[in-house]
Amino acid sequence: MKPSSRIITSSFLLLMALSLLKGQMIQGYTNFSVEILNPTSIERTWNDLSLLYQNQYHTPEEVIAELYQLNETAPDLVNLTVLGQSIQGRDIHLVTITNEQITTPKAGVCIISQHHAREQISMEAALRFMIRLVNSYGKDEALTHYVNTEEIYIIPTLNPDGLHYVVGNDTMEGDPWLRKNLRAIDDDNDGECDEDPYNDVDGDGIISGYDVFGKGLSDLHFMYSYYEGIDDDGDGRVNEDLIGGTDLNRNYDYRWNDSSLDTGTGSDALSETFPGFSPFSEPETQIICDFMTSHSFSMAMSLHSGINTTYFPWASGSTWAQSDRYHDIYTDLKSRLPIYFFDDYLRAGLYPTSTQSIAYTSAGEWGDWAYATQGVQVPMTFEIYHKAGSEEYVAVEFENLTHKIFRFDTIEEYFAPPEGKIDALWFDILPAFDYWLETTPQLEVASLTVIGNNSEGAELTIKFKIKNTSPRVTTIAEVGVFDEHLIPFSGTEGIVVFSKLIEGESLSGSFKTILNHELGVNEEFKLFIGNNFVGFYPMIIKQSIIKKATGYFDLIGFLLAIPVVVMLKRRKTSVKLAGC
Ligand SMILES: [Zn+2]
């Protein structure tokens, strides 16, 4: 074949192919526009709140009054519900703080306060945190963003019966040392429950506690504690059927009652860490089980006091469950909080690898259960108060060559600061609460494109790039694309896992879906990117232009190609001749 013939033939075939291809492209050409729906803030209509009961520890009734005030002040931001009742029938309240006008499921985080009755400061901190969120909304950009994009669940007191007893009341003498819940147990098997409790023997209005230490050659070692009391039931023994039953933070169904871990295991209901008669035997812990099982929390925090530290799983083991991640968080917290919050670690010489289990191991503990069974990525037990330097708040009651006895008159300066210092402590620990919101995994959809065909049965490919906007390390796993019913779109590609996420990191993924009907012009459909832990980020996909080709236009294109081929052939030939 001559070169000129070769050119004609190949040009002709190329144009034919192009024209066919063009026809195909026209037939399938769609133009999808994508709108990412950013959250809009609620218009603020309220003035800053203060606590109704300031500079004092709250009773259960006063806690409830604060919750109603919050809810009434900012009803679009605050939701107040009752999760159930304590063993004595008191309501256990749940406060949800979020932008309620955004109904898409958001990243869920929760704080549970006051498993332990005497740790009143944990409940006080929760109340102040709620006030801070409501007062900061619309004023503080970062906190407004968290409230818009997270659902913040707060249980201010899990042990309202214990709180009622600790603060004292009209019908019975309070015991400020109570740790457990108020399940009635016949500790001494005499057919009666709780009939030989502690008593204020010296009538000074305080039940004093005593710690007995033994003196060795060079050390002073703790031996046991006892409290003021008399033989209330006349059986010759003192304080042998106490008020207070189960340690709620030993009653969870993870390594429950494991005697290799905890001194409080077994059937000794007088033990301060008695785990109950079965896992979740207590209504209070059953409420947490039901609540957490019906949500997906990436972050959850339990507030305690009596030591200054932050615990991560495993309470029941000797290592951190995720040492890299937890160590990073621990280090961050350490940089934000006053040094005395880590004093207990430092004194123990355990930093930086401390876990709860180094201080002591616990069986049936909340954080381990949340991590092991609920998928909570970062359960933190934040112990917010302990006054170091015992000589400041403990009197030496007795001392000889072999023993030394310290007397504690109040829980103040042990589990909680004096009332006048509550706010000062709150401002000290506040950075940890803001940090905790910041640490919650959040996404931003950096880009999203939809490629495909608008007709029924056609396959759409949805390509997305998501960016981690959590400023702190965390994990976002199995991010997917969902329809408006939050049912995942089909497709095996595109499960995105951030194993250790650094701010600004982005990853891409894509999903495919089959259209179940032909999309019309300007017809919209909504899709969501996310998962149960980070929430669902909504987008509107709209097909704004549709161009459809028919066989007629294909034929015209084909016929038009012929004269073009002829013209090309002539030009090419003449150019070639001129060159010779
Ligand atoms: Zn505690």
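The model is a predicted one. Its chain comprises twelve helices and 19 strands.

**The chain as a whole**

- Of the 580 residues in the chain, 38% count as buried.
- Among contacts with a separation of 6 or more, 74% are between residues 24 or more positions apart.

- Seven strands make up an open sheet of mixed pairing, ordered 2-3-5-4-8-10-9.
- Strand 2 and strand 9 (307-311) each have a single partner strand and stand at the edges, so one side of each is left without a neighbour in the sheet.
- Neighbouring strands in this sheet are turned against each other by 20° on average, direction ignored.
- Strand 2 (residues 78-85) runs antiparallel to strand 3 (residues 91-97), and seven bridges join the two.
- Within this pair, Leu80 is placed opposite Val95 in strand 3.
- Strands 2 and 3 form a hairpin with five residues between them, and Gly89 in the turn has a positive phi of about 90°.
- Strand 4 pairs with strand 8 (residues 297-304) in the parallel sense, over six bridges.
- Ile111 is placed opposite Met301 in strand 8.

- Strand 6 (residues 209-215) pairs with strand 7 through seven bridges in the antiparallel sense.
- Val212 stands opposite Tyr224 in strand 7.

**Packing of helix 2 against helix 3**

- Helix 2 (residues 60-73) packs with helix 3 at an angle of about 10°, and their axes are 11 Å apart.
- Angles under 35 degrees count as roughly parallel, so helix 2 is roughly parallel to helix 3.
- On the helix 2 side the contact involves Val63, Glu66, Leu70 and Thr73, which meet Met123, Leu127, Met130 and Val134 in helix 3.
- By class, this contact has six nonpolar residues, one polar residue and one charged residue.

**Surroundings of Gln114**

- Gln114 belongs to the loop between strand 4 (107-113) and helix 3 (120-136).
- Gln114 has 30 C-beta neighbours inside 10 Å and therefore counts as buried.
- Beyond its neighbours within four places in sequence, Gln114 is in contact with Glu119, Ser122, Met123, Thr157, Leu158, Asn159 and Leu163.
- Leu158 is 44 residues away from Gln114 in sequence, yet their C-alpha atoms are 5.5 Å apart in space.

**Surroundings of Ser510**

- Ser510 is part of strand 17 (residues 506-514).
- With 16 C-beta neighbours inside 10 Å, Ser510 counts as partly exposed.
- The C-alpha atoms of Ser510 and Val481 are separated by 8.7 Å, and the two residues are 29 apart along the chain.

**Backbone features to check in the model**

- Most residues other than glycine have a negative phi, and most peptide bonds are trans.
- Asn189, although not a glycine, has a positive phi of about 55°.
- Asn189 is located in the loop between helix 5 (160-167) and strand 6.
- Arg255 is likewise not a glycine and has a positive phi, of about 50°.
- The loop between strand 7 and helix 6 (283-293) contains Arg255.
- Is Arg255 buried or exposed? With 23 other C-beta atoms within 10 Å, Arg255 is buried.
- Pro313 and Trp314 are joined by a cis peptide bond, with omega about 15°.
- Trp314 lies in the loop between strand 9 and helix 7 (323-336).

Methods. Residues numbered from 1 in each chain as written. Predicted model: local features only at pLDDT ≥ 70, side-chain atom pairs only at ≥ 80, totals over all residues. Helix = DSSP H or I, 4+ residues; strand = E, 2+ residues; numbered from the N terminus. Buried ≥ 20, exposed ≤ 12 C-beta atoms within 10 Å, placed from the backbone. Contact = placed C-beta atoms within 7 Å. Pairing = 2+ DSSP bridges. Axes fitted to C-alpha atoms, helices over the stretch in contact; angles between N-to-C directions. Parallel < 35°, antiparallel > 145°, perpendicular 65-115°, else oblique. Nonpolar A, V, L, I, M, F, W, Y, C, P; charged D, E, K, R; others polar.
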